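Please keep the sequence and the model at hand.

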Amino acid sequence: MLRIAVPNKGMLSEPAWNMLAEAGYRLRSNPRQLVVEDPDNDVELFYLRPLDIAVYVGRGTIDVGITGHDLLVNSGTDAEEHMQLGFGASTFRFAAPNDSPITKLEDIEGKRVATTFDKLVHDYLVEHGINAETVHLDGAVESSVQLGVADLIADVVSTGTTLRNAGLRIFAEPLMHSEAVLIRSPRLEADDERLTILSRRLQGVLTAQRNVLMDYDIPVEKVSAAVDITPGFESPTISPLHDKQWAAVRVVVPKAKVNQLMDQLYEVGARGIIVTALQASRM
């Protein structure tokens with residue numbers, strides 16, 4: 001049975017749960033449930049703290065987990081990144097008080113940096129030849145400067161609103177760009193059949209989220225022009241219509257380009273253009 005760790009809270013939790021549900025896996029029925037057996041899919045789900053998932057995968061008996069790339073790096077374990085999951089994008093940044101003289105990376109020398117990501121920050125500073133003290137906090141690091149335990153902070157930033165509200169400004173280049181990833185245990189081979197099935201299902205969800213099914217009618221003499229606009233993955237499905245001068249085309253296209261593609265198709269003569277969401281896929 002494949003053991004999968006998922007976040008039990010935080011910004012990655014709900015997207016991770018939704019992705020697994022769309023991939024056909026059973027989730028917990030109440031928030032107090034920490035372990036879910038799914039015999040139909042031969043998996044066992046463990047709801048764990050996001051900060052701990054990489055540790056359980058790298059050092060424990062969990063086979064795979066969904067966590068952030070930054071959390072994986074900070075864990076210092078042998079867990080390996082297996083695939084990116086396309087959600088939870090964030091940036092790891094330094095921030096100092098608005099009135100602080102700290103404005104560039106070199107200014108951190110000799111200062112106290114509050115963070116939840118001790119190893120990530122320490123390794124980054126050492127790599128850049130900067131000697132500073134990292135102060136570990138489990139949360140709300142933006143309050144650390146005001147409360148006197150640090151001179152600046154290093155934290156995950158999505159919009160920056162929380163930092164601005166705390167009177168902090170971002171400076172220097174990002175330490176890291178992060179997103180949700182599927183990680184695997186060093187004991188689990190990359191080509192393990194169970195991992196292959198899980199990866200294929202998750203990739204199918206990503207493909208369904210990023211693409212749509214487009215149907216349209218096109219004059220036969222315009223089919224080639226239309227196919228140039230919507231080539232699909234391998235090739236569109238083209239079917240004859242009752243009116244022999246027209247053909248029907250079905251093709252998968254990127255969701256982000258739907259309206260531009262419909263405009264282009266209409267210009268070359270396509271009509272009856274319909275777009276349908278994808279529930280699942282295997283490509």
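**Exercise 1.** How much space lies in the largest pocket?

*Solution.* About 740 Å³ of space lies in the largest pocket. A pocket is an open set of points on a 1 Å grid over the protein atoms alone where a 1.4 Å probe fits, with protein on both sides within 12 Å along at least five of seven lines. Of the 31 lining residues, Gly10, Met11, Phe117, Asp155 and Val156 are the closest to the centre; lining residues have an atom within 4 Å of a point. The model is predicted: local features need pLDDT of at least 70 and side-chain atom pairs 80 or more, whereas totals for chains, interfaces and linings use all residues. Residues are numbered from 1 along each chain, and side-chain values use heavy atoms, without hydrogens and water.

**Exercise 2.** Explain where the largest pocket lies relative to the domains.

*Solution.* First, an automatic or database assignment divides the chain into domain 1 (1–85 + 177–206), domain 2 (88–175) and domain 3 (209–275). Next, domain 1 and domain 2 both give residues to the lining, so the pocket lies between them.

**Exercise 3.** Which residues of helix H2 are buried?

*Solution.* Pro50, Ile53, Ala54, Val57 and Gly58 of H2 are buried, that is, under 20% relative accessible area with a 1.4 Å probe, protein chains only. These residues cover an arc of only 115° around the axis, which puts them on the same side of H2; the arc is that of the directions from the helix axis to the C-beta atoms. Finally, the buried residues of H2 pack against strands E1 (2–7), E3 (43–48), E4 (64–68) and E11 (180–184), and against H3, with contact meaning heavy atoms within 4.5 Å.

Conventions
Grid points are joined across faces, edges and corners, and a volume is the space filled by probe spheres set on the points. Buried means under 20% relative accessible area, exposed over 50%, partly exposed in between (1.4 Å probe, protein chains only). Helices (H or I, at least four residues) and strands (E, at least two) are DSSP runs, numbered from the N terminus.
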